[in-house]
Amino acid sequence: MILQSLLSAADKSEMPTWLQSVLSFLVTAGLRLLGAACIVVGAVIIAWLLRIFIRRIVTRIVNGAKNKAHVDDTQALERSPLASARLVQRTRTLGSILTNIVNILVGVIAIILVINALFPDILGSFALLTAALGAGLGFGAQNIVKDVLNGIFIVAEDQIGIGDVVDLGLATGIVEYVSVRVTHVRDVNGTLWYVRNGEVTRIGNMSKGWSRVIVDVTVPADADVDEVEKKMLDAATALAKDAKWRTRITGYPELWGLQSVADETLVLRIVMKTRAHARDDVASELRLRLRDGLADAGLADLASVVLEGAEGAQRVRGANPPRTKPNPIAGDVVWKPKKKKRDKGADGAETPGESAP
């Protein structure tokens, strides 16, 4: 307002032309800077409101899952139904991705509007240059677009979530953060791996659903197999019924029998289904109890096994193929031949005809 009043006063007075030009430039620059400042402030306010909106939605969904499971801590959801824990993980991951998208979009739009407010003619003057620059960025940003789209689908399809133990091929560990472009994975040594979402071609999620402990017990060849298997099953059953461990075990132990005969030893296998996050703890306790239960059987070795390839695919459902119920059939069915029709000839005599269709 002060500059405009000076400019109007300069127009009415006999001030030099150069002074009028300076005042006009200052007025125009001041208005443009004021417009740019308003755009920046508006962008900050919009981004802040959108982040609050996303945060409230995430908080409401998480609190709803907690209230439904009757727990106060998110970690306690591991003992609740799996769907609640997965809902919380997926909601928080989507919340972080939406927050990043909001920040990027608002920032880019604000920059374009600020440039347009400061230099109104620059976008039109450099239309050809911006087109060439956009084409170059389009070719160069293919990997970025691939990373972003792949990351969105990974989270939307609930393939991974924050807190999952995953094997991405490039890195194995706990997912600490999923952004628009990269996934942060912390391995057992504490190394933080940044994996581009576009480079992920396969995902092994070890925290989803259930897991299975597989322990091979090696005993001498002259051991009583039936007696050894009975002791193995008793030790595993006692573990499954223990009040401390039964919340982490989801199935009864199974004996998969004799796996191999090597030199003077026999390899017997026992398995147990557990919750995904408790697999290692249950495996350690099971090995300890098997050692104590088979102390008098000349135990040679106890080893946890991870089945892979064709062997792992064939044993997904257990030692034996799944059993199906037989198809019901109708009883007391009596087969009767179909009667043949007889046609009358021209002389009135009956001739044998073809059987009815």
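1. A residue counts as buried here when its relative accessible area is under 20%. The model is predicted. By that cut-off, the buried residues of helix α7 are Val 228, Glu 229, Met 232, Ala 235, Ala 236, Leu 239 and Ala 240. They share the same side of α7, because they cover an arc of only 140 degrees around the axis.

2. Now the other side of α7. Asp 226 and Lys 241 are exposed there.

3. The helix itself runs over residues 225-241, 17 residues in total. From first C-alpha to last, α7 reaches 24 Å, close to the 24 Å expected at 1.5 Å a residue. Its N-terminal end is capped by Asp 224. A side-chain oxygen of Asp 224 lies 3.3 Å from the backbone nitrogen of Asp 226.

4. What covers the buried residues of α7? The cover includes strands β6 (210-220), β7 (254-262) and β8 (265-275), along with helix α8 (279-293).

5. The largest nonpolar core has 23 residues. Met 232, Val 282, Leu 286 and Leu 290 touch the most other members. Two or more residues each come from β6, α7, β8 and α8. The largest share, 6 residues, belongs to α7. In soluble globular proteins, nonpolar side chains tend to be buried together.

6. Val 282 deserves a look. Beyond its neighbours within four places in sequence, Val 282 is in contact with Val 213, Leu 239, Trp 245, Arg 248, Ile 249, Met 272 and Thr 274. Leu 239 is also one of the buried residues of α7.

7. A second core is separate and holds 13 residues. Among them are Ile 97, Ala 171, Val 180 and Val 195.

Notes
Residues are numbered from 1 along each chain as its sequence is written. This is a predicted model: local features need pLDDT of at least 70, side-chain atom pairs count only at pLDDT 80 or more; totals for chains, interfaces and linings use all residues. Side-chain values use heavy atoms; hydrogens and water are left out. Helices (H or I, at least four residues) and strands (E, at least two) are DSSP runs, numbered from the N terminus. The expected span of a helix is 1.5 Å times one less than its number of residues. Buried means under 20% relative accessible area, exposed over 50%, partly exposed in between (1.4 Å probe, protein chains only). The arc is that of the directions from the helix axis to the C-beta atoms. Contact means heavy atoms within 4.5 Å. A polar contact is a pair of N or O atoms within 3.5 Å; within protein, one must be able to donate a hydrogen and the other to accept it, and residues adjacent in sequence count only if both atoms are side-chain atoms. A nonpolar core is a set of buried Ala, Val, Leu, Ile, Met, Phe, Trp, Tyr and Cys residues joined through side-chain atoms within 4.5 Å.
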